[in-house]
Structure formats: structure tokens, C-alpha cells
Amino acid sequence: MSEAELKTLETAFEQKIQDDVRIEPKDWMPEKYRKTHIRQISQHAHSEIVGMLPEGNWITRAPSLRRKVALLAKVQDEAGHGLYLYSACETLGISRDELLEQLHKGTAKYSSIFNYPTLTWADIGAIGWLVDGAAIINQVPLMNTSYGPYARAMVRVCKEESFHQRQGFEIMMKLAKGTSEQKEMAQDALNRWWWPSIMMFGPTDAESIHTAQSMKWKLKRKTNDELRQQFIDQTVPQADLIGLSVPDADLKWNEERQSYDFGPIDWDEFWQVVKGHGPCNKQRINTRVAAYENGKWVRDGAMAHAAKKEVRKAV
Amino acid sequence: MDNSWPIWEVFIRSKNGLEHRHCGSIHAADEKMALENARDVYTRRMEGVSIWVVESKYITASNPENNGELFEPAQDKVYRHPTFYNLPDEVKHM
């Protein structure tokens with residue numbers, strides 16, 4: 001392809017994005033668009049799959065049958081979300097095996113929040129309320145992103161996500177109204193999950209290297225800082241309502257901005273966890289790799305069975 | 001050896017009277033597992049009353065590069081639409 005031809009294709013492509021025409025799998029797209037989308041969608045899929053681990057930790061120890069069926073359904077949803085997203089990502093010409101290999105080798109990332117441990121039952125409440133709450137704020141704008149299969153997957157994900165947040169908030173609310181030990185447990189979970197949750201929106205706008213390009217392609221419709229502020233503004237009153245306090249001494253309502261001012265974020269911690277030094281990074285990846293390797297004989301067996309049936313059908 | 005499960009496209013009829021609609025894909029070793037996986041992944045909330053699965057390699061798709069010759073000819077055939085025809089005002093329903 002000549003340079004001029006490429007330029008024409010690129011111009012037509014940018015025009016489509018500007019006109020809100022969705023890009024579909026077989027359409028021409030710049031290589032950088034494809035790569036960026038593989039990176040983001042796979043990272044998103046991996047986050048859903050790894051995200052099952054901290055919560056799965058509490059399924060067998062849920063305090064009642066009601067809590068247990070809800071948590072089980074939520075974890076199943078995360079598996080489903082991972083699968084919708086892998087399927088969307090594969091339309092960009094990368095195989096499921098390649099995607100899993102990237103996760104297992106650490107060349108693809110997943111959300112750092114899942115590298116924190118779930119120490120008590122209240123952590124299940126805090127995850128649903130805060131982590132899923134932050135995820136929803138990140139995900140809702142993606143229902144209108146430019147890549148068709150990603151946008152459609154996000155519509156399904158968002159529809160299913162709101163029960164996750166409610167079940168988490170309900171757990172926190174109940175604990176906060178319980179005995180003093182229960183309330184303390186809820187407060188402790190909030191203390192530990194608050195900062196990692198607000199870090200989920202990523203580096204500040206000034207530090208974010210992908211923001212400009214991602215805004216142009218509608219992979220992002222609001223900046224990290226805007227989304228973070230939105231999360232804080234909506235979550236602080238919820239904490240007040242159930243009598244828990246957000247662990248930030250600088251948190252203060254700003255009448256002029258009609259928003260909360262908040263204290264400095266410990267970005268060193270964020271980058272430590274991103275780089276693999278969080279409390280559970282190794283454990284999470286080891287668990288995923290073991291699941292993949294221990295499942296190999298099942299996958300092989302199923303293929304052997306399918307091949308045998310094909311032969312029988314043929315004769 | 002690459003022994004990964006093939007990809008299947010999934011189509012769901014959300015209720016009787018509506019057509020099956022494409023909703024995504026799954027991996028499965030054979031058609032029985034494809035149906036089971038499609039059920040688990042795409043109908044956890046009563047989204048369907050019927051599922052079709054077909055291995056993706058059996059789908060033939062048009063190429064967007066040919067969209068001009070495929071779809072543009074329809075654009076200048078306005079006479080295929082009722083609004084192309086003039087009727088006197090007295091004719092109310094036609």
C-alpha cells in the first residue's frame with residue numbers, strides 16, 4: 001500500500017470515528033488502533049477473570065445462604081464478563097491462547113486492585129460497593145466507545161454490574177448497623193479498600209500517557225481525574241449514610257466547586273503494585289497458571305472426544 | 001501442538017416471535033458443549049428461549065471493501081419506496 005493510499009484510509013477512518021460510526025471487526029483500522037484495543041480489552045478481560053479470586057475466597061464462608069447465592073452469582077458474572085470481553089478481543093485477530101499466555105507471562109496487565117487480599121467478610125462488602133462502584137463509573141462511558149464488539153460487550157456488562165454494587169453496599173450497611181465488632185470490621189475494610197479503589201481510575205491526567213489518544217478514539221470519554229472525582233462525590237455521602245468514615249483527613253466539601261476536595265494519593269504504592277510488588281500479585285498469577293495447566297487434560301480430552309465422534313459420524 | 005477449542009458464534013432468540021440475534025462467541029470442543037457454554041455465558045438472566053451455535057469457520061461474511069458495489073446500487077432506486085409516488089390528497093389510506 002502506498003503512503004498516499006494509507007493516508008486516505010486513515011482520514012476516512014478518523015472521519016468515521018468523529019461521526020460516531022462504529023468500527024466493526026472486518027473494517028480497515030490503523031495498526032495502532034488495533035493494538036491499543038487489544039491491550040485495553042484484554043486487560044479488562046483479565047481483570048474480570050483475576051477479579052474472581054479475591055471474592056471466590058469467601059464463597060464457602062459466606063455468613064448465610066442468601067449471601068452465598070448472591071456472591072456465587074456475582075463471581076459467575078465476573079467469569080461471564082471476562083468471556084464476553086475475550087470474545088470481543090478475539091475479533092481483532094488475536095487468539096484466546098495468545099491472550100492467556102500474555103496474562104500468564106505478565107506481559108498483559110490486569111487491574112491492580114485485585115492484588116490486595118480479602119481478609120474478612122467485610123472485604124466482600126467493600127469490594128462490591130467500592131471496587132464495582134468504581135468499575136461501573138469507568139465502564140458506563142465505554143458503552144459508546146468506537147469499537148463495536150467492545151461497546152456491545154460493555155452494554156451487557158453494565159446491565160449486570162449494578163446488582164454487584166448493591167449486594168456489596170447491603171453487606172456494609174448490615175455490618176455497620178450490627179455489633180460494635182461488626183461495625184469495626186466494616187470500617188476496617190473501608191480503610192483498606194478506599195485508597196486502592198480511587199487509584200483504580202489510573203494516574204492523574206498530567207501523568208497519563210494514553211489519555212489523549214484514547215479520548216480521540218472514544219476509548220475514553222472522560223479523563224481519569226474527572227471519573228475519580230465523580231466516584232468520590234457519589235461515594236462519600238453513601239459512607240456518611242451508613243455511619244462509616246472515609247479514611248482521608250483532608251476530605252472536605254468544597255462549596256464553590258460543588259465537589260469534595262481530597263488528600264494526596266500515594267502513587268508510589270500504586271506503581272509498586274502495578275509493577276508486581278503488591279501483597280498478592282504472585283499468588284494471583286500462580287493461581288491462574290495452575291488453573292490453566294491443571295485443566296489441560298480436560299481440554300485435550302474434550303478435543304479427543306470430539307474428534308472420535310467426528311470419525312464415527314463419517315463411517 | 002495447538003489443541004485449543006474452536007470458536008462458535010452464538011445466536012439467541014430472546015422470546016418467541018422474535019428472531020435469533022447474534023450476541024457473541026464462545027469456545028467449545030463440540031456442538032453439545034457449545035450449546036452448554038452459550039447457555040452459561042449468555043443466558044444467566046433469562047435472556048433467551050432458544051440458542052443457535054455455529055462454528056465460526058462456517059460463516060461466510062461480505063468484505064467491507066466491497067460495500068460500494070454491494071450496497072450503493074440500492075441508493076438510487078428511490079422508486080422502491082412508497083414516498084416516490086404522488087397521490088392526490090383525497091386518497092387517505094394507501
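Figure 1. Of the contacts in chain B with a separation of 6 or more (contact: heavy atoms within 4.5 Å), 44% are between residues 24 or more positions apart. Chain B has two helices and three strands, in the order β-β-α-β-α along the sequence; helices (H or I, at least four residues) and strands (E, at least two) are DSSP runs numbered from the N terminus. The radius of gyration of chain B, taken over C-alpha atoms, is 21 Å, whereas a compact globule of 94 residues would have one near 12 Å; the globule rule is 2.2 Å times the number of residues to the power 0.38. Along the principal axes, the C-alpha atoms fill a box of roughly 70 × 35 × 15 Å. Of the 94 residues, 23% are buried, where buried means under 20% relative accessible area, exposed over 50% and partly exposed in between (1.4 Å probe, protein chains only).

**Figure 2. Salt bridge between Glu55(A) and Lys74(A).** The closest N and O atoms of the pair are 2.7 Å apart; a salt bridge is a side-chain nitrogen of Lys or Arg within 4 Å of a carboxyl oxygen of Asp or Glu. Glu55(A) lies in helix H3 (residues 52-56) and Lys74(A) in helix H4 (residues 65-90) of chain A, so the pair ties together parts 19 residues apart in sequence. Glu55(A) is buried at 2% relative accessible area, and Lys74(A) is buried at 0%.

**Figure 3. Salt bridge between Glu160(A) and Arg44(B).** The closest N and O atoms are 2.8 Å apart. The pair crosses between chains, from helix H7 (residues 148-176) of chain A to the loop between helix H1 (31-42) and strand E3 (50-55) of chain B. Glu160(A) is buried, with 4% relative accessibility, while Arg44(B) is partly exposed at 24%.

**Figure 4. Nonpolar surface patch of chain B.** Val78(B), Tyr79(B), Phe84(B) and Tyr85(B) form the patch, with about 410 Å² of accessible area together. Patches are made of residues with over 30% relative accessible area and no salt bridge, like charges being joined within 9 Å and nonpolar side chains (Val, Leu, Ile, Met, Phe, Trp, Tyr) within 5 Å. Areas come from the Shrake-Rupley method with a 1.4 Å probe, and for residues only the protein chains shown count as cover. Phe84(B) is in the segment after helix H2 (67-71) and is partly exposed at 41% relative accessibility.

**Notes.** Residues are numbered from 1 along each chain as its sequence is written, and chains are lettered from A and ligands numbered from 1 in the order in which they are written. In this predicted model, local features need pLDDT of at least 70, side-chain atom pairs count only at pLDDT 80 or more, and totals for chains, interfaces and linings use all residues; side-chain values use heavy atoms, leaving out hydrogens and water.
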